[in-house]
Every structure is written in structure tokens, then in C-alpha cells.
Amino acid sequence: MAKQPPTPQADRPPAPSPNVRLNPPPPALMRWLNPLVPLVRRVLSSRHLGGRIDRLMLLEFTGRRSGRRIRVPVALHLIDGVPMAFTHRPWRLNFTGGTPVTVTHRGQVRQGRGVLLPATPEQVGSALRAALDSGTSAFVLGLKIARSCEPTTQDLATVGHSLIRFDLETV
């Protein structure tokens with residue numbers, strides 16, 4: 001049997017950075033907060049209250065396997081003027097290849113298409129860096145960053161987030 005040539009370094013996922021790691025909420029906290037999710041959905045859908053919340057949006061889409069309507073509150077990030085979301089949660093797979101989505105932001109409902117981007121870790125790291133530079137906290141991104149560390153794009157590329165782009169109809 002012929003020996004396979006070594007895999008190029010670019011094919012391997014980046015080694016985890018000691019300065020940046022995923023920091024999702026603990027399961028116990030999520031069990032406590034989950035009953036509040038319907039309230040958060042209602043607030044985000046409200047013109048009066050939702051209109052005051054700038055960094056969150058409500059996504060509504062149909063599950064690709066279940067066929068049921070899914071409503072997920074997520075953090076909104078404008079990367080180069082394009083609305084995006086970062087996540088490592090399984091619901092992101094519904095956006096593989098593009099999916100119709102309804103986005104409620106600041107009480108306004110817009111239709112569009114969400115696409116799970118086939119981004120390299122470096123591209124995701126660059127987008128995370130842009131989000132941090134625009135004032136988003138590491139906590140909102142679900143990250144833990146070492147004290148006195150200004151993470152590089154390479155550090156951020158190691159966290160394993162996926163990137164979803166939203167192409168929305170103009171109002």
C-alpha cells in the first residue's frame with residue numbers, strides 16, 4: 001500500500017489557544033433561564049420594548065428535519081454592514097445551504113434568508129475580531145478571554161464557532 005503524502009497544515013483545525021476558549025452558560029443556569037425564553041421572545045417582538053434592544057434579534061425558521069417552527073433569540077452582529085450571528089449550537093445546521101428566515105430586530109419584522117457560511121476558522125476568527133472591535137463583549141460571544149490579553153484573529157479562530165449570514169429584504 002502506498003504511503004499517503006502528509007496533510008497540509010491548512011487542513012487541520014487550529015490548535016486551541018490558551019488565551020481564548022468557549023464559555024457557554026452552565027447547564028444549571030440554562031435550566032433556570034429556559035422558562036424565561038418565551039418572555040424574551042415576546043419582548044423582542046414588541047415594538048415598544050423590543051425597539052429599545054439593539055444587540056438582540058429573534059430568528060424564526062422551520063426545522064429542516066422536524067418541520068416545526070423554531071424561534072431563537074440570538075445576538076446580532078453587524079460585520080462589514082451585514083447582519084450575522086455566531087454560534088456552535090446544533091440549530092445552526094438548519095441554515096446549511098440557506099433557509100428562509102424571519103428576523104425581528106428592534107420590533108421590526110423582516111423576511112430574508114439565513115446561510116450557514118462555509119467559512120474557514122481564520123475567516124470566523126476575523127469576523128469575531130471585528131465583532132469585538134465594534135464593542136461586543138466576549139460574554140455575548142460566549143467566549144472567555146484571558147485577562148490582559150488582546151486576542152488575535154488566530155486565537156479567535158480556535159473556538160469553533162460557526163457564522164450565519166442573514167440576507168434581509170430592505171425596508
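The structure is a predicted model, in which local features require a pLDDT of at least 70 and side-chain atom pairs count only at pLDDT 80 or more, whereas totals for chains, interfaces and linings use all residues. Residues are numbered from 1 along each chain as its sequence is written, and side-chain values rest on heavy atoms, with hydrogens and water left out.

One of the salt bridges joins arginine 71 to glutamate 60, with 3.6 Å between the closest N and O atoms. Because arginine 71 belongs to strand E3 (residues 69–75) and glutamate 60 to strand E2 (residues 56–62), this pair ties together parts that are 11 residues apart in sequence; helices (H or I, at least four residues) and strands (E, at least two) are DSSP runs numbered from the N terminus. Arginine 71 is partly exposed at 30% relative accessibility, while glutamate 60, at 17%, is buried.

A further salt bridge is formed by glutamate 150 and arginine 129, whose closest N and O atoms are 2.7 Å apart. This pair links distant parts of the chain, 21 residues apart, since glutamate 150 is located in the loop between strand E8 (143–145) and helix H5 (153–156) and arginine 129 in helix H4 (residues 121–133). Glutamate 150 is exposed, with a relative accessibility of 59%, whereas arginine 129 is buried, with a relative accessible area of 13%. Aspartate 167 and arginine 165 also meet through their side chains in a salt bridge, at an N to O distance of 3.0 Å; aspartate 167 is partly exposed at 36%, as is arginine 165 at 26%. Through salt bridges that share partners, Arg129, Asp133 and Glu150 are joined into one network.

The loop between E8 and H5 also contains serine 148, an exposed residue with a relative accessible area of 84%. The phi angle of serine 148 is near 55 degrees, a positive value in a residue other than glycine. A phi near 55 degrees is likewise found for arginine 106, which is placed in the loop between strand E6 (99–105) and strand E7 (108–116) and is partly exposed at 38%.

Pockets were identified on a 1 Å grid over the protein atoms alone, as open sets of points where a 1.4 Å probe fits, with protein on both sides within 12 Å along at least five of seven lines; lining residues have an atom within 4 Å of a point. The largest pocket has a volume of about 1200 Å³, and among its 30 lining residues Pro25, Met30, Pro73, Val74 and Arg89 are the closest to its centre. Helix H1 (27–33), helix H2 (37–45), E3 and strand E5 (82–87) each give two or more residues to this lining. The second largest pocket has a volume of about 200 Å³, and the residues lining it include Arg71, Trp91 and Asn94.

Confidence is expressed as pLDDT, the predictor's score for each residue from 0 to 100. The chain averages 83, and 86% of the residues score at least 70. Over residues 5–10, however, pLDDT stays under 50, and for these residues the model has 1 contact (heavy atoms within 4.5 Å) beyond four places in sequence.

Methods
Salt bridge = Lys/Arg side-chain N within 4 Å of Asp/Glu carboxyl O. Buried < 20%, exposed > 50% of the residue type's maximum accessible area, 1.4 Å probe, protein only. Points joined across faces, edges and corners; volume = space filled by probe spheres on them.
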